Protein chains: 2
Amino acid sequence: MAFKIGLLGLGTVGTGTAEIILNPSGRHPLLQEIEIHRVGVRSPDKPRSVQLPPEAITTDLEAIVADPEVDIVVELIGGLEPARSLILKAIANGKHVVTANKAVIARYGDEIYTAANEAGVYVLLEASVGGGIPVIKPLKQSLGANRISSIIGIVNGTTNYILTQMTAVGADFEAVLADAQKLGYAEADPTADVDGLDAADKIAILASLGFGGRVKREDVYCEGIRQVSAADINYADKLGFIIKLLAIAQGAKGYESDRLQLRVHPTLIPKAHPLASINGVYNAILVEGEPLGQVMFFGPGAGSGPTASAVVSDITNIVGILKSNGKTESLDPLLTCTHQHYCSIVPIEELETRFYARFLCGDIPGVIGHLGTCFGKHQVSLESVVQIGFQDQLAEIVVVTHDVCEGNFRQALDEILALEAVKTIPSILRVL
Amino acid sequence: MAFKIGLLGLGTVGTGTAEIILNPSGRHPLLQEIEIHRVGVRSPDKPRSVQLPPEAITTDLEAIVADPEVDIVVELIGGLEPARSLILKAIANGKHVVTANKAVIARYGDEIYTAANEAGVYVLLEASVGGGIPVIKPLKQSLGANRISSIIGIVNGTTNYILTQMTAVGADFEAVLADAQKLGYAEADPTADVDGLDAADKIAILASLGFGGRVKREDVYCEGIRQVSAADINYADKLGFIIKLLAIAQGAKGYESDRLQLRVHPTLIPKAHPLASINGVYNAILVEGEPLGQVMFFGPGAGSGPTASAVVSDITNIVGILKSNGKTESLDPLLTCTHQHYCSIVPIEELETRFYARFLCGDIPGVIGHLGTCFGKHQVSLESVVQIGFQDQLAEIVVVTHDVCEGNFRQALDEILALEAVKTIPSILRVL
């Protein structure tokens, strides 16, 4: 008996998924038991690189999620609507769901998992974070013995490509973005990537899995990479750092962490750190816990083939369960979302972190003293103050702090900006 | 209802496992449903760092695998016997089994999985490869959509520590081994580690999972690191390589590969390769497949806590399945060993690879010509021939080949050794 899937969407990832299922030789034999029963598309007559029977293709997505023959609905249309409604209808009709849609899960995971648990169906989402990298299932199934203390990821390939290129050629953001758009590594509207929104969706999902609570997407503090300049990358390099856009979830006590840090921002990371050498469109997720220590998952974070690999792995997971048990009696608690409470999140002002800040100033001998005084008054302890260059006849001073409270640091900056010798503060970045 | 485990062995990993289960706060809530019912030890009166009720502790391991109350037997005694017999008896008694025992699985996996499939029980083994790194379950559950082409791992922490130290301080093998033994990173009898036997067990297991066939342990070609000298590490460095002990499984067509390469040996790898920066006791496994590309799993390859993390993850996996289905009707094909055939293995003489060889010679101007002639006669194409140093008034010549057939290369070496100008060939290493 074949297990029938209803595929919503036949774009890049949908096509990749169909290609794998239609060519099972050399892959796990379970794939031979998967049949693409129906495919929902917007334009049925568009030429496609995959061969599907014309009668399987429809524009009626509602009919697919209601089709009694479909066992698993695979949602690959992206975006919030109609994806959310179709997923909920599929669940209501008793279908298991596989999705690559980080935006929907990060925002409506609560509603979707509540519905799925009531209906007794699985909603799997390996492809929503890290493309082809197995990270969702390992977090669910392989790391639960640990008190997770942090999940730190490079989870957006576009921004990692841009920062890698900026580092390699010394170019500024706008120029590299334009190149990335030409090469297809960045979209025409790059907002979701470069402003960190995509990474924020993903860390909301990872945090929920690692820390055992639901997470409100709007609780993720989020800064993108538009403010990162070639100058900062250069100065960071001299100080022994690489700049990466990191998505970070940190909590002190694993599942019982009552104050979770949740944030996306460009970050200076020491060159010897495992994430420092993750370049180009690759992604990596570093998970730390007790008693495990650090593990890292590395691989292609996007693309048709890798993402389809994750989608099909979710499909085979469900097929494996269905094969072994016919109908599931109740859900495996490791494979569904069992938590009911929301994680409480530390406001960004209360974050304890190191900072890097760059100041443009006149009157250097005096200003370093003023900076030190202002920081000291706000309990900001400095690791280094270096006059590192000149720009338009103003001295560039770079400050790196020890771990400080972000609120105190910001208050000190407000005071420093009022100093006559300080013209601007072009960059404020956090340091891992 | 608690799920009861019978723990065989309370050594390093057993103690770590008990510590996790006895302290579930902050970990996945499923751990609260696991109860250590009985623990089998050799010396019941030995002081222990974990608090277990005295009545749970016994020296009668046979009684544990026969205990009708035990749901899952966790085998952590290591070695071949009585581990193998106890696992088989546990299976015969309808117990699920979790083991960290790579030696037993690599040699008796066939017998054990046949028995487990007949009895309808799971035998999980995440801890047998890569310590705390999730790699077995990802291979089983997350990568099956791909046609795997290679699995390349640094899977032995002891040898990686020794090679890392040799590289860092320029010391020779024997000196670093002695230090590693003092620090507890190498055992008093280091054979299993330094001769590559442990890595061979592990690649046999990984290959079976990635290429969908059973693997005979004796088919793994195996060379250890005793022959690696400080001089070779130094010359490799000059040529742009790092020397690592790699465990390699390669096949052209995933599950349908009919000629699998399976080998463990010290290998020169380019410095930019993802495995080149894996240092000290860390492990990493790089998996390549179509359409995925490369993914890498990195983390602590040994130690009480990391290994226990993997053991407990296997226990929770089984508990999750038992909770959702009471008794399993039939086994999830992704979680058990379903293949029946043996992979056919390419004999090492037929391997196509690059080589690095170091020659000690007199009469340099003549000898380079002779070397070239001998290699050419045997279809060995050279990438570089460099006279790189002097030792005892003999010139050291280092040769790096293009991809060649190992048999041809060995024939050429035999002929070269017969040349009067060539005194010895102190090193022959493969190049990735």
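Trainee: Which residue is the bridge partner of B:Gly40 in β3(B)?

Mentor: Keep in mind that this is a predicted model. Strand β2 of chain B covers residues 34-40 and is joined to β3(B) by two bridges, with the strands running parallel. In β3(B), the residue paired with B:Gly40 is B:Thr58.

Trainee: Which strands of chain B stand at the edges of the open sheet?

Mentor: The sheet is open and has six strands, in the order β3-β2-β1-β4-β5-β6 of chain B, with parallel pairing. An edge strand has a single partner, so one of its sides is left without a neighbour in the sheet. In chain B, the strands in that position are β3 (57-58) and β6 (123-124).

Trainee: How confident is the predictor in chain A, going by the average pLDDT?

Mentor: Where pLDDT is low, the predicted coordinates should not be read in detail. In chain A, 99% of the residues score at least 70. For the model, ipTM is 0.95 and pTM is 0.96. The average pLDDT of chain A is 94.

Trainee: What is the radius of gyration of chain A?

Mentor: Chain A holds 13 helices and 17 strands. For its 432 residues the globule rule gives 22 Å, and the value for chain A is close to that, so the chain is as compact as a globular protein of that length. The radius of gyration is 24 Å.

Trainee: What share of the residues in chain A is buried?

Mentor: To count as buried, a residue needs 20 or more other C-beta atoms within 10 Å of its own. Of the 432 residues in chain A, the buried share is 54%.

Trainee: Which residue of A:β5 stands opposite A:Glu75?

Mentor: Strand β4 of chain A (residues 72-75) is joined to β5(A) by four bridges, and the two run parallel. Strand β5 (residues 96-99) is covered on both faces, with A:His96 and A:Val98 buried on one side and A:Val97 and A:Thr99 buried on the other. The residue opposite A:Glu75 is A:Thr99.

Trainee: Which elements do the buried residues of α1(A) pack against?

Mentor: Helix α1 of chain A spans residues 12-22, and its buried residues include A:Val13, A:Ala18, A:Ile20 and A:Ile21. In chain A, these buried residues pack against β1 (3-8), β2 (34-40), β4 and α11 (304-325).

Trainee: How are the two copies related?

Mentor: Chain B is superposed on chain A by a rotation of 180 degrees with 0.0 Å of shift along the axis, at an RMSD of 0.0 Å. Of the residues of chain B, B:Phe297 comes closest to that axis, with its C-alpha at 2.5 Å. The copies are thus related as by a two-fold rotation axis.

Trainee: Which element gives the most residues to the side of chain B that touches chain A?

Mentor: The contact takes 59 residues from chain B and 58 from chain A. On the side of chain B, the elements giving two or more residues are α1 (12-22), α5 (136-142), β12 (293-300) and α11 (304-325). By class, that side has 24 nonpolar, 26 polar and nine charged residues. With 13 residues, the element that gives the most is α11(B).

Trainee: What is the bridge partner of A:Phe297 in β12(B)?

Mentor: Strand β12 of chain A (residues 293-300) runs antiparallel to β12(B), and three bridges join them. The partner of A:Phe297 in β12(B) is B:Phe297.

Trainee: Which residue is joined to A:Pro82 by a cis peptide bond?

Mentor: A:Pro82 is in the loop between β4 and α3 (83-92) of chain A. The omega of this cis bond is about 5 degrees. In chain B, the bond from B:Glu81 to B:Pro82 is cis with omega near 10 degrees. The residue joined to A:Pro82 is A:Glu81.

Trainee: Is A:Asp392 buried or exposed?

Mentor: A:Asp392 lies in the loop between β14 and β15 (394-401) of chain A. Its phi is positive, about 50 degrees, although it is not a glycine. A:Asp392 has 7, so it is exposed.

Definitions and conventions: Residues numbered from 1 in each chain as written. Chains lettered and ligands numbered in written order. Predicted model: local features only at pLDDT ≥ 70, side-chain atom pairs only at ≥ 80, totals over all residues. Rg over C-alpha atoms; globule rule 2.2 N^0.38 Å. Buried ≥ 20, exposed ≤ 12 C-beta atoms within 10 Å, placed from the backbone. Least-squares fit on C-alpha atoms with pLDDT ≥ 70 in both. pLDDT = per-residue confidence, 0-100. Contact = placed C-beta atoms within 7 Å. Nonpolar A, V, L, I, M, F, W, Y, C, P; charged D, E, K, R; others polar. Pairing = 2+ DSSP bridges.
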